[in-house]
Protein chains: 2
Amino acid sequence: MIKVIAFDGDDTLWDNEIYFREAENWFCGLLEDFLPAHSVERELLKTELHNISLYGYGIKAFMLSMIETAVRITDKKIPAEAIEKIVNYGKGLLDKPVHLIDGVENVLVSLKPKYRLVVATKGDLLDQERKLKKSGLLDYFHHIEIMSEKKESDYAKLVKHLDIKPEELMMIGNSLKSDIIPVLNLGGHAIHIPYHVTWAHEHVDVKIEDGNFRQVERISEVLNFI
Amino acid sequence: MIKVIAFDGDDTLWDNEIYFREAENWFCGLLEDFLPAHSVERELLKTELHNISLYGYGIKAFMLSMIETAVRITDKKIPAEAIEKIVNYGKGLLDKPVHLIDGVENVLVSLKPKYRLVVATKGDLLDQERKLKKSGLLDYFHHIEIMSEKKESDYAKLVKHLDIKPEELMMIGNSLKSDIIPVLNLGGHAIHIPYHVTWAHEHVDVKIEDGNFRQVERISEVLNFI
């Protein structure tokens, strides 16, 4: 019955959130003469959330939000050297090696002969393509779907675009909010694999009761349910 | 024989490049105490071209390149106020009204019953979706394809993704380099509609002789060839 299996990229196929946590720590250090770390962190999150509707997700949006936050919380006293450091740090993020999550490749090898596999992810198109290329997983996927948001209406568009019915889609990802709940609401199937770090914006506190839903600890376990 | 007609977005369906030209003039004005306008312009283009492989296309990339250029050419003397102005100017670009190019809607009305229409464009996903929504043209298109580059290999991916053969694709756009030449090389059809402003990076000087190629002055004229 399932025709397409869509995998989230960040923190499902490869590590991602840990680099943003590292970046936040670095950014707090950069501004420690102006504000204590927990306040910098809070201000940065505030800027990011405020900018999502304009910038969307991804590293370029994160860079611009760091710059904006630095200007604001230093009351425009931030020196240009620090701005340059932020730009360079962000460029470093765009050039990180890609670290696959354990077991990913085995799962793809098993599923590829039977299903159309796609990556369905938020973020910068070029950056996600770069990660997919660097990951060595490119050949397992029919294509990569970059989504500006992962709400129910976005999955409805995805399903239309894939020319399938919602119940023919299985989504696998680490975010209940973005990968699981909207897909279940649409009538699709979803498997949740929690990651050890979750961005505050992605955190939800719910208990899901749905016959189309599974939760596993490791990606290798999805093969028990497909 | 043609199944899918793909339209470039920027400067084919709606005005775009003129806003970037305005932005460049504004940016040169911001830095006029440091460097003459033509040097600022040259330095900005240098930064942009250098960053394309990392940032891709779009307004966020442009904002980051303006910031980087401002820091570099002022020898790190740019005050934080000016950085803030750049960020705000960029946000304004992301919130511009969308001005349709004359005749676009008539063409789409005529073609929609007979072909699958898509938008195939570079730039920020969210920004291009915003423009498509604001344009009122959303319902004419099956979906929007955001491409990180528009080289022959990218069109090969597009064709695969659309499940058609190259000769079943017609591309309509304003850039010979990005919309026309790679599609013809792949064996597809292409119609060129020059726009009155072209970004230096998109400029090519060639004469095309190909049975699958047409050039028209106005988008309404494409109906003579489809």
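**Note on the predicted two-chain model**

1. Conventions. Residues are numbered from 1 along each chain as its sequence is written, and chains are lettered from A and ligands numbered from 1 in the order in which they are written. Because the model is predicted, local features need pLDDT of at least 70 and side-chain atom pairs count only at pLDDT 80 or more, while totals for chains, interfaces and linings use all residues.

2. Chain interface. On the chain A side 29 residues are in contact with 30 residues of chain B, where contact means that the C-beta atoms of two residues, placed from the backbone, lie within 7 Å. The elements of chain A that each supply at least two residues to this side are helix H2 (37-55), helix H3 (59-73), helix H4 (80-93), helix H6 (125-135) and strand E3 (143-146). Helices (H or I, at least four residues) and strands (E, at least two) are DSSP runs, numbered from the N terminus. H3(A) gives the most, with seven residues. By class, the side of chain A that touches chain B has 15 nonpolar, five polar and nine charged residues. Here Ala, Val, Leu, Ile, Met, Phe, Trp, Tyr, Cys and Pro count as nonpolar, Asp, Glu, Lys and Arg as charged, and the others, Gly among them, as polar. Of the interface residues of chain A, 100% are also interface residues in chain B, so the copies meet through the same surface.

3. Domains of chain A. Chain A is divided into domain 1 (4-15 + 99-224) and domain 2 (17-93), with bounds that come from an automatic or database domain assignment. The centres of the two domains of chain A, taken over C-alpha atoms, are separated by 28 Å. Across the boundary, 14 residues of domain 1 of chain A are in contact with 11 residues of domain 2 of chain A. The domain 1 side of that contact divides into four nonpolar, four polar and six charged residues.

4. H1 and H2 of chain A. Helix H1 (residues 17-30) of chain A packs against H2(A) at an angle of about 120°, with the axes 9 Å apart. Axes are lines fitted to C-alpha atoms, for helices over the stretch in contact, and angles run from 0 to 180 degrees between N-to-C directions. H1(A) is therefore oblique to H2(A); angles under 35 degrees count as roughly parallel, over 145 as roughly antiparallel, 65 to 115 as roughly perpendicular and the rest as oblique. Glu24(A), Phe27(A) and Cys28(A) of H1(A) meet Ala37(A), Val40(A), Glu41(A) and Leu44(A) of H2(A). These residues comprise five nonpolar, no polar and two charged.

5. H3 and H4 of chain B. The axes of helix H3 (residues 59-73) and helix H4 (residues 80-93) of chain B are 10 Å apart, at an angle of about 160°. H3(B) and H4(B) are therefore roughly antiparallel to each other. Ile59(B), Phe62(B), Met63(B), Met66(B), Ile67(B) and Ala70(B) of H3(B) meet H4(B) residues including Ile83(B), Ile86(B) and Leu93(B). The contact holds 11 nonpolar residues, one polar and no charged.

6. H7 and H8 of chain B. Helix H7 (residues 152-161) and helix H8 (residues 176-186) of chain B have axes that come within 9 Å and cross at roughly 65°. That makes H7(B) roughly perpendicular to H8(B). Glu152(B), Tyr155(B) and Ala156(B) of H7(B) make the contact with Pro182(B), Val183(B), Asn185(B) and Leu186(B) of H8(B). Five of these residues are nonpolar, one is polar and one is charged.
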